[in-house]
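Subject: Structure handover

Hello,

Here is the structure I promised to pass on. Please open it first, then read my notes below.

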Amino acid sequence: MSERRKFIKKSILGSAILVPGISGAFANSSKKELLGEKPLILSTWNHGLPANAAAISKLKETGSILDAVEAGVMDTELDMDNLSVGLQGLPDREGITTLDASIMTGDGSCGSVAFVRQVKHPISLARVVMEKTPHVMIVGEGARQLAISEGFPIEKEELSPKAKEAYEKWKVTSKYKPVINIENHDTIGMIGIDKNGQMAGSCTTSGLAYKMHGRVGDSPIIGAGLYVDNEVGAATATGLGETIIRVCGSFLIVELMRQGRTPQEACEEAVRRLVSKSKNIKDVQAGFLAINKEGQVGAYAIHPGFNFAQGTLSSNALIDSKSYF
Ligand code: SD4
């Protein structure tokens, strides 16, 4: 674990900061979830804390929940300690880092990029796809060309020192076995609601370490890694993308909430569905995070170890998710 993460874990979990009205939802049964405070921002894993802080600060500055979820994950895209997000992320089998990202607002607008190289902020490129093109998803060289035409800086294609070291070690055996919770699972998914009930979400990743060249995960697939609907709620996913795509995980959760499930019940049902449709589930981690329009929160993963950060205007805390196993 990096020094930065150790520090965050110690300073936050160590002092047991609780978020009024929400932490209780995780101590008690999902039926007893309390109404959440708004605005509310949720994001996956430890790096969700600084990302939430960046999102809340942007929300205060511009008042836009879309700006907030973009700015929040941009912080993670620049985090040199994170080897699963941004250009510092672990590469594919050929030694090339390729990025996936998506963004969505509660009115159904969405955009994404996948298999994109040399762009530091794929989330902002996903926003360009959403706002400036007639399309939803642009991939590979096309996405890089769009970045160039939109004036995004194109970075030199070289691995970060940590990614290079890890890749050199991996090449010795070239074995592909996802490790639960660590290395392969650090994607950031962020969902948020403002005080008026407007929702937005973002998701950005370098995907699975040592994936096949050209592999795309769930994160840029609308409905798999991210889904947002102002009428119901929002969900995002982390973990082995193939398992999440198979059940349209985030869309499934929003639809279950539409049918009356709480965010917690919906996340649990989606994990059960995913487990029933996947093989070798003991070696696979996946987790979901959800919010409904009342500001209730849910989170659930296959294995223990998944956590998320929950931020309001006055608090920001890490919370451990419950899990199937
Ligand atoms: C993927 N879902 O590409 C991403 C990886 C991930 O935490 O979430 N890592 O499959």
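One definition before the findings: helices are DSSP runs of H or I with at least four residues, numbered from the N terminus. With that numbering, α9 is followed by G260, which has a positive phi near 110°. Please keep in mind that this is a predicted model.

**The chain as a whole**

The chain has 325 residues, and 62% of them count as buried. Its secondary structure comes to 10 helices and 13 strands. Take the contacts with a separation of 6 or more: 66% of them are between residues 24 or more positions apart. The accessible surface is about 13,000 Å². Carbon and sulfur atoms hold 54% of that surface.

**The cores**

In soluble globular proteins, nonpolar side chains tend to be buried together. Here the largest nonpolar core has 47 residues. Which of its members touch the most others? They are I253, L274, F288 and I302. Helix α10, residues 263–277, gives this core its largest share, 6 residues. A separate core has 32 residues, including V69, M130, A143 and F152.

Setting aside neighbours within four places in sequence, I253 is in contact with A235, A266, C267, A270, F288 and A290.

I253 is one of the buried residues of α9. This helix spans residues 249–258 and is mostly covered, with 8 of 10 residues buried.

**The ligand**

There are 14 residues around the ligand. Those that come nearest are D186, T187, R215, D218 and G239. By type, the shell divides into 2 nonpolar, 9 polar and 3 charged residues.

- R215: an N or O atom of its side chain is 2.7 Å from an oxygen atom of the ligand.
- D218: a polar side-chain atom lies 2.6 Å from a nitrogen atom of the ligand.
- G241: a polar backbone atom is 2.8 Å from an oxygen atom of the ligand.

How much of the ligand does the protein bury? Taken alone, the ligand exposes 290 Å², and the protein buries 100% of that.

**Backbone details**

K38 and P39 are joined by a cis peptide bond, with omega about -5°. P39 sits in the loop between α2 (23–27) and β1 (40–44).

Two residues other than glycine have a positive phi. F115 has a phi near 55°, and F115 is in strand β3. Q118 has a phi of about 65°, and Q118 lies in the loop between β3 and α5. Is Q118 buried or exposed? Q118 counts as buried because its relative accessibility, 16%, is under the 20% cut-off.

E37 counts as partly exposed, at 32% relative accessibility. E37 and G311 are 274 residues apart in sequence, yet their C-alpha atoms are 9.6 Å apart.

S314 lies in the loop between β11 (307–311) and β12 (316–320). S314 is exposed, because its relative accessible area of 63% is over the 50% cut-off. From S314 to I56 the chain runs 258 residues, and their C-alpha atoms are separated by 9.4 Å.

Over to you.

How values were computed: Residues numbered from 1 in each chain as written. Predicted model: local features only at pLDDT ≥ 70, side-chain atom pairs only at ≥ 80, totals over all residues. Heavy atoms only, no water. Core = buried A, V, L, I, M, F, W, Y, C linked by side-chain atoms within 4.5 Å. Buried < 20%, exposed > 50% of the residue type's maximum accessible area, 1.4 Å probe, protein only. Contact = heavy atoms within 4.5 Å. Near = heavy atom within 4 Å. Polar contact = N/O pair within 3.5 Å; in protein donor to acceptor, adjacent residues only side chain to side chain. Areas by Shrake-Rupley, 256 points an atom, 1.4 Å probe, with all protein chains shown as cover. Nonpolar A, V, L, I, M, F, W, Y, C, P; charged D, E, K, R; others polar.
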